[in-house]
Amino acid sequence: MRKGRRLSLRGSATVSGSRRAAEPESKKKKKLVAIHQALNVDPVDVETLRQSAISEGGLLTDDIRRKVWPKLLNVNAYNLPPKPGKDIREGHKDYNQVLMDVQRSLRRFPQGMSPEERGVLQEQLINVILYVLQRNIQLHYYQGYHDIVVTFLLVVGERMAIALMDILSSHHLR
């Protein structure tokens with residue numbers, strides 16, 4: 001009799017434990033479905049995307065972020081600004097400070113990245129920051145801005161990062 005009870009208790013504990021472990025996965029799946037539905041309606045359901053972004057777990061993956069961030073900021077992925085030329089750096093009042101901050105930002109790049117890859121990304125990071133500041137003369141560079149920009153750069157690339165940061169900087173980070 002005792003053995004039967006013990007098996008019964010273990011059985012319910014296991015079922016209960018696996019149910020708890022499945023709950024986060026179920027929440028993620030529901031969130032994924034909600035995000036994909038919000039992206040596929042016309043017009044895009046920006047409010048659902050916004051709620052998903054600020055809820056626990058955020059937008060879950062970089063692939064989803066690449067799709068959602070432009071929608072949240074109303075950026076047309078087919079009309080991106082051009083890549084900045086090297087002349088963006090010439091005479092820019094914030095160039096030296098940006099350069100120093102970017103050179104100190106090694107911890108923000110993924111581990112295992114080659115020095116060459118990191119160098120390219122650091123150059124792009126400088127370009128994105130200076131391009132946005134040049135287009136928005138009312139903005140001023142501040143410590144930590146490069147940390148925000150590098151997050152977008154690593155996920156969406158240089159041209160989309162410029163478009164997103166242009167809007168984010170002039171409307172939300174002021």
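Helix pairs and loops

Analyst: The axes of helix 5 (residues 115–135) and helix 6 (residues 145–156) come within 10 Å of each other and cross at roughly 115°. The model is a predicted one, in which local features need pLDDT of at least 70, side-chain atom pairs count only at pLDDT 80 or more, and totals for chains, interfaces and linings use all residues. Residues are numbered from 1 along each chain as its sequence is written, and side-chain values use heavy atoms, with hydrogens and water left out.

User: What makes a stretch a helix, and how many helices does the protein chain have?

Analyst: Helices are DSSP runs of H or I with at least four residues, strands are runs of E with at least two, and numbering starts from the N terminus. The protein chain has 7 helices and 0 strands.

User: Which residues make the contact between helix 5 and helix 6?

Analyst: Contact means heavy atoms within 4.5 Å. Helix 5 contributes L121, Q124, L125, V128, I129 and V132, and helix 6 contributes Y145, H146, V149, V150, L153 and L154. By class, this contact has 10 nonpolar, 2 polar and no charged residues. Ala, Val, Leu, Ile, Met, Phe, Trp, Tyr, Cys and Pro count as nonpolar, Asp, Glu, Lys and Arg as charged, and the others, Gly among them, as polar.

User: Why is helix 2 called oblique to helix 3?

Analyst: The axes of helix 2 (residues 46–54) and helix 3 (residues 62–72) come within 10 Å and cross at roughly 120°. Helix 2 is therefore oblique to helix 3, because angles under 35 degrees count as roughly parallel, over 145 as roughly antiparallel, 65 to 115 as roughly perpendicular and the rest as oblique. Such axes are lines fitted to C-alpha atoms, for helices over the stretch in contact, with angles from 0 to 180 degrees between N-to-C directions.

User: Why is L60 called partly exposed, and why does N74 count as exposed?

Analyst: Buried means under 20% relative accessible area, exposed over 50%, and partly exposed in between, with a 1.4 Å probe and protein chains only. L60 has a relative accessible area of 26%, so L60 is partly exposed. N74 is at 71% relative accessibility and therefore counts as exposed. L60 lies in the loop between helix 2 and helix 3, and its phi is near 70°, a positive value in a residue other than glycine.

User: What kind of peptide bond joins D42 and P43?

Analyst: A cis peptide bond joins D42 and P43, with omega about 0°. Most peptide bonds are trans.
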